[in-house]
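Open the model in your viewer and keep the selection panel at hand. The stops below run from the whole chain to single residues.

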Amino acid sequence: MKTLPLFFDLANKTVLIVGGGDVAHRKAMLMAKAGAKLVVIAKNFDDEFVKFLNNHQAIIHQKSYDATDLDTHQPSIVIAATDDHAVNVLVHGDCQARRIAINVVDTPALCDFIFPAIVDRDPVVIGVSSNGKAPVLARLIRAKIESVLPSGLGKLAAKAGEFRATVKEKLPTITERRYFWESVFGRAMVDQSVGELDTELSDFIENNDKQGEVYIVGAGAGDPDLLTFKALRLMQQADVVLYDALVSPKILDLCRRDSQKIFVGKKRQDHAKTQDEINALLVKYAKAGHRVLRLKGGDPFVFGRGGEEMFACRQAGVPYQVVSGITAALAASSSTGIPLTHRGVATSVRFLTGCYKTNEAFDGLKSAYQADETLVFYMGLHALPKIVENLSAQGLPSDLPVAIVSNASLPNQAVLTGTLANIVAKQEESGVSAPAIIIAGKVVDLYQG
Ligand SMILES: C[S@@+](CC[C@H](N)C(=O)[O-])C[C@H]1O[C@@H](n2cnc3c(N)ncnc32)[C@H](O)[C@@H]1O
């Protein structure tokens, strides 16, 4: 380890900054955030920086730096942020002679300490450093950490600090207290519910935290980048994962490594588990105290049967959360550049199912088609001839543009365009495969291939 991460209490300590530009300004903002008293020396200052310094009661010296500045102000640390290397070297030498720790910005060889990439959820602070070797990587790691931390984390940590004594009084053993905090912080990491710690504590004492929870989560259309932060947090929290056929291996890999993963996938005519069996499993695992993730393709409430799972939880008295995902129609729209509504072309959009049980009449649109609307059919590829026949019978023009988007958002995405008159033949010829959605409407003309 080249540098030791330490957290420096700078409140009311003097930090001397040499430099009056942008970089010095940024460092000064950081120092002010930590409560430091600022002394800034520079021959020239940016106007915004001066405003900032005045607002923070900083001492400003508009002059050339010299070593007496260090003796006069006796700073705890020094930051040299000028664009004049010779000045930076001079400040560094003076600090070394006086054993004052210095950071010369962007010059690792002249730094006694370095600034990490910071995640600030005060009082929780996380610093990431690559010791100057790969600052961009450090920033990406910080972004990754940011993405998994709930926004209310700092508030919760502060409240937890205030609440520690109460917890100690009500829960006499260390183990109980540990379980309680694990449960509180675990929940907070998932649903961002900060506050009400006294309710959490009485619930914990009452239930001894035996009840689990079900997370009904949309995993989006396939590209892992389309997951929401909340989905990802729950995926990394769950003990048991019940996942669908449409959930890609890459997405499944993002679930907690040691979680139990159960495939309950449903493909057309091939159901690993019936819906009733899935509902029963959700309830069973939650009642056994597990955090159960029901991970579904797209959005759970768009042709996803998430509603039935929610009702099963409700009926069984199992707590649940529903997290939306990017539904296939939206993913297909953005990844192909076919807007589903477009000024002057389409003012509404209808999501329809093309999935009908054998022998069931395909009754298509339940209300009349408007020329300025877009129709999106899910689960319709196998029934394409039936859908086209039905739409034609309802008077939709034979030249109505139609697109089939298969594997939307995934590397093997394929798009086929045609009209109501020729899309069936084109599809048979091309062999575009499921999962696919069918978009019908004038917006398809906006597709540029
Ligand atoms: C049972 S539905 C689930 C829909 C899902 N809940 C959603 O919101 O996207 C399955 C259908 O969604 C569509 N679908 C799902 N993922 C898709 C993708 N990546 N590309 C195209 N269509 C997709 C297909 O029409 C597929 O037959």
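Color the chain by domain. In this predicted model, the domain assignment gives domain 1 (14–115), domain 2 (211–326) and domain 3 (330–446).

Select domain 2 and domain 3 together. Their C-alpha centres are 28 Å apart. At the interface, 9 residues of domain 2 are in contact with 12 residues of domain 3.

**The ligand**

Where does the ligand lie relative to domain 2 and domain 3? It lies between them, because both domain 2 (211–326) and domain 3 (330–446) give residues to its shell. Now select that shell. It holds 18 residues, and the closest are D299, V302, T327, M379 and A436. Color the shell by class: 12 residues are nonpolar, 5 are polar and 1 is charged.

Next, show distances from the ligand to the backbone:

- V302: a polar backbone atom lies 2.7 Å from a nitrogen atom of the ligand.
- A408: a backbone N or O atom lies 2.8 Å from a nitrogen atom of the ligand.
- A436: a polar backbone atom lies 2.7 Å from an oxygen atom of the ligand.

On its own, the ligand has 560 Å² of accessible area, and the protein covers 88% of that.

**S409**

Go to S409. Find it in the loop between β17 (401–406) and β18 (414–419). Is S409 buried or exposed? Its relative accessible area is 15%. The cut-off for buried is under 20%, so S409 counts as buried.

Show the S409 side chain. One of its polar atoms lies 3.2 Å from the backbone nitrogen of D223. Leaving out residues up to four places away in sequence, S409 touches A221, G222, D223, L226, A331 and S335.

**S324**

Move to S324, in the loop between β14 (320–323) and α13 (328–336). S324 is partly exposed, at a relative accessible area of 48%. Which residues does S324 contact, beyond its neighbours within four places in sequence? They are G218, T228, D299 and P300.

**Backbone checks**

Most residues other than glycine have a negative phi, and most peptide bonds are trans.

Select D122 and P123. The peptide bond from D122 to P123 is cis, with omega near 5°. P123 sits in the loop between β6 (117–121) and β7 (124–128).

Select A434 and P435. This peptide bond is also cis, and omega is near 0°. P435 belongs to the loop between α15 (423–430) and β19 (436–440).

Select N12, in the segment before β1 (14–18). N12 is not a glycine, yet its phi is positive, about 65°. The residue is exposed, with a relative accessible area of 59%.

Last stop: Q57, in the loop between α2 (47–55) and β3 (59–62). Its phi is positive too, at about 50°, although Q57 is not a glycine. Q57 is exposed, with a relative accessible area of 67%.

Methods: Residues numbered from 1 in each chain as written. Predicted model: local features only at pLDDT ≥ 70, side-chain atom pairs only at ≥ 80, totals over all residues. Heavy atoms only, no water. Near = heavy atom within 4 Å. Polar contact = N/O pair within 3.5 Å; in protein donor to acceptor, adjacent residues only side chain to side chain. Areas by Shrake-Rupley, 256 points an atom, 1.4 Å probe, with all protein chains shown as cover. Nonpolar A, V, L, I, M, F, W, Y, C, P; charged D, E, K, R; others polar. Domains from an automatic or database assignment. Helix = DSSP H or I, 4+ residues; strand = E, 2+ residues; numbered from the N terminus. Buried < 20%, exposed > 50% of the residue type's maximum accessible area, 1.4 Å probe, protein only. Contact = heavy atoms within 4.5 Å.
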